[in-house]
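Here are my notes on the model you asked about. Please read them with the structure open.

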Amino acid sequence: IVASLGAHGAEALETPREAVLPTDLAAQGSGNPLTVLSVVESTGEYRPGDLLWLRQLDPENASEAINRDCLVPRPGGRFAFGRLIDRRGTLVGLLPPGAGQKQQVVDNPPWIAVAVMLVRPL
């Protein structure tokens with residue numbers, strides 16, 4: 001990384017530093033697996049072509065993901081995606097990113113994947 005962009009434009013860093021590659025995230029997450037969600041239509045703040053890297057957590061650690069975007073497996077090979085807003089017992093509540101959508105509740109998911117990096121091609 002050679003510069004940062006702020007309200008007053010691009011500014012050089014005092015010393016260049018290394019950027020984190022998505023593959024390096026695996027080493028930072030205590031061995032929890034990474035998964036990727038591909039965006040094919042604009043949804044909330046996400047655009048087509050975005051790749052959202054997510055780190056899987058055990059459901060007991062859901063408090064680490066509160067108010068963050070998460071992917072949660074549902075029965076039958078389906079998924080729920082949205083902001084994790086609630087955890088009660090074995091139930092997790094997600095608020096989808098689209099305007100006006102209602103909360104989705106998943107009972108006893110085997111894992112919760114929390115978003116850790118957005119890769120957006122230009």
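**Notes on the fold and its core**

1. The chain has one helix and nine strands. Helices (H or I, at least four residues) and strands (E, at least two) are DSSP runs, numbered from the N terminus. From that end on, the elements run β-β-α-β-β-β-β-β-β-β.

2. A word on the source. This is a predicted model, where local features need pLDDT of at least 70, side-chain atom pairs count only at pLDDT 80 or more, and totals for chains, interfaces and linings use all residues. Residues are numbered from 1 along each chain as its sequence is written, and side-chain values use heavy atoms, with hydrogens and water left out.

3. Overall dimensions next. The C-alpha atoms fill a box of roughly 50 × 35 × 25 Å, taken along the principal axes. Of the 122 residues in the chain, 31% are buried, meaning under 20% relative accessible area with a 1.4 Å probe, protein chains only; exposed is over 50%, and partly exposed lies in between.

4. Now the sheet. Seven strands form an open sheet with antiparallel pairing, in the order β3-β4-β9-β5-β6-β7-β8. β3 (34-38) and β8 (104-107) stand at the edges with a single partner strand each, so one side of each has no neighbour in the sheet. Neighbouring strands are turned by 45° against each other on average, direction ignored. Here axes are lines fitted to C-alpha atoms, for helices over the stretch in contact, and angles run from 0 to 180 degrees between N-to-C directions.

5. β3 pairs with β4 (residues 51-57) in the antiparallel sense over five bridges; two strands pair if DSSP finds at least two bridges between them. Leu37 stands opposite Leu52 in β4.

6. Which residues make up the largest nonpolar core? The 12 are Leu57, Ala62, Ala65, Cys70, Val72, Ala80, Leu84, Val92, Leu94, Val106, Ile112 and Val114. β5 (69-74), β6 (78-88), β7 (91-95) and β9 each give two or more residues to this core. Another core, of nine residues, lies apart from it; Leu52, Leu71, Phe81 and Ala113 are among them. A nonpolar core is a set of buried Ala, Val, Leu, Ile, Met, Phe, Trp, Tyr and Cys residues joined through side-chain atoms within 4.5 Å.

7. Val114 deserves a click. Val114 sits in strand β9 (residues 112-119) and is buried, with a relative accessible area of 4%. Leaving aside neighbours within four places in sequence, its contacts (heavy atoms within 4.5 Å) include Trp53, Leu57, Ala65 and Cys70. Glu64 is 50 residues from Val114 in sequence, yet 8.6 Å away in space, C-alpha to C-alpha.
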